[in-house]
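Subject: Structure handover

Hello,

The structure we discussed is shown below, and my notes follow it.

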Amino acid sequence: MSETGASYASASYRTAGVDIEAGDRAVELMKEWVKKTQRPEVLGGLGGFAGLFDASALKRYERPLLASATDGVGTKVDVARRLGVYDTIGHDLVAMVMDDIVVCGAEPLFMTDYICVGKVHPERVAAIVKGIAEGCVLAGCALVGGETAEHPGLLGADDFDVAGAGTGVVEYDNLLGPDRIRTGDAVIAMASSGLHSNGYSLVRHVLLDRAGMALEQQVDELGRTLGEELLEPTKIYSLDCLALTSTTQVHAYSHITGGGLAANLARVIPDGLHATVDRSTWTPGAIFDLVGRAGSVERLELEKTLNMGVGMMAIVPQESVDVALATLADRGVDSWVAGEITDRGDHATGAELTGDYAQ
């Protein structure tokens with residue numbers, strides 16, 4: 001009996017909202033997917049306190065540089081939650097992390113994930129990890145561990161979020177970046193698979209809230225439902241970029257994520273040089289036009305928020321263009337010369353888009 005005279009059942013972690021048994025079942029369900037990502041350098045199995053990676057594999061490097069990145073997939077998880085589709089969001093997570101790492105020329109090595117849920121539904125968590133594991137295979141990295149945390153009271157029973165961190169390695173002499181870029185270099189664009197994982201707060205606000213569209217709604221101009229379009233996984237370019245650096249000369253990459261094409265390209269342009277990208281070299285996918293029309297969003301605002309159909313850019317010397325385009329075509333990557341690097345001296349502005357999009 002309490003001091004107030006009320007009678008209570010014995011408290012436990014389960015009565016507080018955390019189901020340890022469900023968490024254990026989720027681990028068992030995800031093990032088969034994690035195994036598919038293993039590399040020879042990975043030691044131990046799932047369930048330890050730390051993932052182990054044999055660093056002796058780096059002895060083949062003269063001066064190995066470790067590259068690391070961490071990211072999430074933003075409010076795209078809300079679309080997955082609403083539709084009850086959980087096995088694609090992991091692709092987005094791997095892409096956001098590992099395509100940042102490959103920008104400097106690094107080979108993706110391993111990744112860890114963090115899944116936060118309001119309530120552990122084992123099959124749901126396993127589906128998320130399945131997507132992460134499949135993404136790791138596409139990126140060539142191992143999934144060496146992760147954490148699933150149940151946060152009752154903070155998140156609703158169906159709410160969740162995902163985050164991840166990754167590590168890669170690059171030889172010091174092969175490090176890509178601004179110091180390699182020269183006047184006259186070509187800017188090669190690689191097509192995105194759609195919105196990828198950026199700008200979903202704007203997209204959801206425009207299409208779902210303002211336009212009142214339903215995720216299950218068939219949209220003729222998209223050729224599928226709105227939900228299917230919005231859940232299209234982010235393209236993972238890691239192995240494509242590594243193939244490109246192995247077959248021809250590459251000076252830099254730019255991963256087009258939050259902030260849009262011009263802002264991300266500007267991040268790798270050195271002082272004194274300028275990148276000009278010609279919009280007329282491609283036609284953005286229908287989803288970009290739909291967001292613009294439905295929300296009366298000005299073009300500049302769209303371009304500051306969305307990738308506009310370009311997910312990765314490579315900056316290469318002019319003599320490497322043909323080989324670069326052929327290499328990407330052989331790997332099934334739609335690519336084209338979208339711009340060039342010029343010398344603007346003290347008036348450099350980083351990067352800009354010119355012209356109008358092709359119709």
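Throughout, "buried" means under 20% relative accessible area, "exposed" means over 50%, and "partly exposed" is in between, with a 1.4 Å probe and protein chains only. This is a predicted model, in which local features need pLDDT of at least 70 and side-chain atom pairs count only at pLDDT 80 or more, while totals for chains, interfaces and linings use all residues. Residues are numbered from 1 along each chain as its sequence is written, and side-chain values use heavy atoms, with hydrogens and water left out.

Two loop residues

Met308 counts as buried because its relative accessibility is 5%. Met308 sits in the loop between α10 (299-305) and β12 (310-316), and its phi is near 60°, a positive value in a residue other than glycine. His196 also has a positive phi, near 65°. The loop that holds His196 runs between β7 (186-191) and α5 (200-210), and His196 counts as buried because its relative accessibility is 1%.

The chain as a whole

The protein chain has 11 helices and 14 strands; these are DSSP runs numbered from the N terminus, with helices (H or I) of at least four residues and strands (E) of at least two. Of its 359 residues, 51% count as buried. The chain exposes about 16500 Å², and carbon and sulfur atoms supply 50% of that area, by the Shrake-Rupley method with a 1.4 Å probe.

Strands β4 (residues 107-117) and β6 (residues 160-171) run antiparallel and are joined by 10 bridges. One of the residues concerned is Glu107, whose bridge partner in β6 is Val169.

A helix pair

Helices α7 (residues 238-247) and α11 (residues 321-330) have axes that come within 10 Å and cross at roughly 145°. Axes are lines fitted to C-alpha atoms, for helices over the stretch in contact, and angles run from 0 to 180 degrees between N-to-C directions. On the α7 side, the contact is made by Asp240, Ala243, Leu244 and Thr247; on the α11 side, by Val323, Ala324, Thr327 and Leu328. Contact here means heavy atoms within 4.5 Å.

Regards

Technical notes:
Pairing = 2+ DSSP bridges.
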